[in-house]
Amino acid sequence: MAKNLLIVESPAKAKTINKYLGKDFQVLASYGHVRDLVPKEGAVDPERGFAMRYELIDKNEKHVDAITKAAKDATSIYLATDPDREGEAISWHIAEILKERKLLKDKTLHRVVFTEITPKAIKEAVEHPRKVSDELVNAQQARRALDYLVGFNLSPLLWRKVQRGLSAGRVQSPALRMIVEREEEIEAFKAREYWSIAADATHPKQPFTAKLTKLDGGKVEQFTITDGKTAEAARARIAKDAQGLLVVTDVESKQRKRRPAPPFITSTLQQEAARKLGFSTSRTMRVAQKLYEGVALGDEGTVGLITYMRTDGVSLSVDAVAEIRDVIARDFGTQALPDKPVVYQSKSKNAQEAHEAVRPTSALRTPASVARFLADDERRLYELVWKRTLASQMVPATLNTVSVDLAAGSQHGFRVSGTTVVDPGFLAVYEEGKDAKGEEDDEEGRKLPEMKPGDRIPLAEVTTTQHFTEPPPRFSEASLVKALEEHGIGRPSTYASIIQTLLNREYVFLDARRFRPSDVGRAVAKFLSAHFAQYVDYDFTAKLEDELDEVSRGEAEWVPLLEKFWRPFSKTVEEKGESVERSEASGSRVLGVDPASGKPVSVRLGRYGPFAQIGTAEDEDKPKFASLRGGQSMHTITLDEAIKLFDLPRTLGVSNGETVTVAVGRFGPFAKRGPTYASLGKEDDPYTITFEQAVALIDARELAIANRIIKKWDDAGIEVLNGRYGPYITDGNKNGKIPKDREPASLTLEECKAILEAAPEAKGRFAKKAAAKKAAAKKAAAKKAPAKKATKAAAPEGDAVKAPSAAKKATAKKAAVKKAPAKKAATKAAAKKAPVKKTAAKKAVKKAAAKA
């Protein structure tokens, strides 16, 4: 038995490290967090110094048991969870569990930290352990307590005032506000018209286009010319004065240096992966985690390819820099190396958390040398990290910009610029991406013919172009992470989860890879901004993050920080619960009056989303309701658009003696004829679809239904159906496979019964549906049957609906978790029996045939 136990977070990491430490060490994984706050009120108690009640996370209970068992026999325990606040907290939780189980007597407990999974880094960390940092643990506990207090107090308020099922987060709410405010800017934006004038010059060596900078002796600004008539008049004057020639008046040449971007930190890695690879923040972190934990590289074994990916430090170790410089000299020549290594300063004040930048664990492992061992996403992200790291230690690029001024007569002038690369420097390896292109980007790479003052260049044409100013762009994942970082909202480890939470809650959605707020998201943001302004304020959120950083550095205590936050916050929650009306909180709007009825038309947020309403609850007649269409927002919809929604349901005509209508239901638009419903296609509009189109959809639906039934026995409740994956037999409770050598239509009732008897029970939601269907069928049968039979039938029906209580279900669930180790054995046994199962249908058919 190994005398040392080392605990990491992930099994992949455990597997890699196990190979480095030898037989004296046993390496186990906690599988992430082991404890969390109890999921109910009172988990954080402000009246008892913010005492926090933790419990084991069910799904990780078996992993904790494995750690406990191994700890009994170990003499030394090494806590090697991730090198950040969360990792420190996990180490503390593991230590607390072992302490509670009285397993730390006569054992040494160490905390070890490494930012790369290499033999050298692991052995060095084990040789230089430290204690669990109370400061980092307290900072993480304070963060968790704040998140809990905000969520558990604001969420119920949102349920009551906005919509059921909503929740609010301390950090997600300011991020949501940011997206909503950008959307409001876009809606409020008024485009302004302006015109530009250009000259197409036909230089003998190379034609080029120059931009107007001087008109009638004055400087040309963006809004100097704002209409087509003025632009055309100016063009005519310029063309007349130029008389077919442009004269070079000035040539300016200027060299400049462009320095490389620093190596990646979490936020810049996420931004560049979004720009260049099209990765979401969560996808970037998932792939980076795999590269960090280790990849099998053939004979070399499993190797961690990059350093820890949650960091806000830009520094590189001395050893790493030396290796990077060797690779640069080898692959790009010594002229690409600066005299001294380039040193980057981290903005982070947290010395304890200022890890290295994200870099390859060895620059010698080029992307080409490891490509065959990596999945496509891993290869692309590794290449990005490797190139950025190398570029950060290379010489700046030298660029030469030439600007030429040209006169068109005495009163007008044009300018053209071009930038060429004199020495590529770091650009030979990598160039940082941008969210939006500027004028400089258009100039780069544009070569101009050689010109000198006095040169006369033939003028081919003077052209005018109409432009309109554009609204600010919606946030992409890259620009949102950048904005969060600039405002100090969140930290490296939280950017991906902030974005994912907003998407999961459906407060925002992605439209052409840009964030747009949903009506629910806007209602939440508006409610919080109006009534909890301080708590969604960017500066307040950033200051709170700084205060948590102070706790992590031991410069402040965590309980006073929570006290300062909690008292005013809880008071505000109490006040707003009483004073705010639901209609105001949900963003309801009165749009005007319905011309037909004279009643008010409003838009509101309901249980299933936004809807329009004609009339009020106080009216004698019941109000009319209509759901908003896809793409419509209750914040921008007009009165005319809202009234048009009430055109549904539409009656289109009569087909086969039945009325054909179209309407919109909970699951989208549909056409109906008699009992048959047919969903409309994506391209079909319920407001414009024709009678012929609707009938075609209904006919196709009825044909599909007819073709679905191959054979059925109504009395037995058994059907042979065409399913998505081929024909099958069903009685509403079980589904049976048809033997491959049998024609489905040729099956007898006895054969179908035998196949269903051998079939497994339905599971999950299908089982619930089947049970409901069966209960309904029994109920119908009971009604049809004579009185005596109905009485007999009632007993099994009553038994069937005796559902276990919620408490029993919970107990059963917990028991299932505890029995998890037995699951493997069951799986193995099932695997052995599998071949027998395959022939069950065939045997059932033979048995039934023999009886017949």
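Student: Is A512 exposed or buried, and what is its relative accessible area?
Tutor: This is a predicted model in which local features need pLDDT of at least 70 and side-chain atom pairs count only at pLDDT 80 or more, while totals for chains, interfaces and linings use all residues. Residues are numbered from 1 along each chain as its sequence is written, and side-chain values use heavy atoms, with hydrogens and water left out. Buried means under 20% relative accessible area, exposed over 50%, and partly exposed in between, with a 1.4 Å probe and protein chains only. A512 is exposed, because its relative accessible area is 69%.

Student: Which residue stands opposite V508 in β19?
Tutor: Strands (E, at least two residues) and helices (H or I, at least four) are DSSP runs numbered from the N terminus, and two strands pair if DSSP finds at least two bridges between them. β18 (residues 508-511) and β19 run antiparallel and are joined by four bridges. They form a hairpin with two residues between them, and A512 in the turn has a positive phi of about 55°. Across from V508 stands P517.

Student: Which residues make up the uncovered face of β19?
Tutor: Strand β19 covers residues 514-517. Its covered face has F515 and P517, and its uncovered face has R514 and R516.

Student: Where is D216 found, and what is its relative accessible area?
Tutor: D216 is found in the loop between β10 (208-215) and β11 (218-219). Its phi is near 55°, a positive value in a residue other than glycine. Most residues other than glycine have a negative phi. D216 counts as partly exposed because its relative accessible area is 41%.

Student: Which residue is joined to P649 by a cis peptide bond?
Tutor: P649 lies in the loop between α20 (639-644) and β24 (650-655). Most peptide bonds are trans. Here omega is about -5°, and the partner of P649 is L648.

Student: How many residues of α8 are buried?
Tutor: The expected span of a helix is 1.5 Å times one less than its number of residues. For α8 (residues 266-277) this gives 16 Å, and the end C-alpha atoms are 16 Å apart, so the two agree. The buried residues of α8 pack against α9 (281-293), α12 (376-392), α14 (477-487) and α15 (495-504), where contact means heavy atoms within 4.5 Å. The helix is largely enclosed by the rest of the structure, because the buried residues number 10 of the 12.

Student: Which side chain makes a polar contact of 3.5 Å with that of Q613?
Tutor: Q613, in strand β22 (residues 609-614), counts as buried because its relative accessibility is 7%. A polar contact is a pair of N or O atoms within 3.5 Å; within protein, one must be able to donate a hydrogen and the other to accept it, and residues adjacent in sequence count only if both atoms are side-chain atoms. A polar atom of the Q613 side chain lies 2.9 Å from the backbone oxygen of G615. The contact of 3.5 Å is with the side chain of R604.
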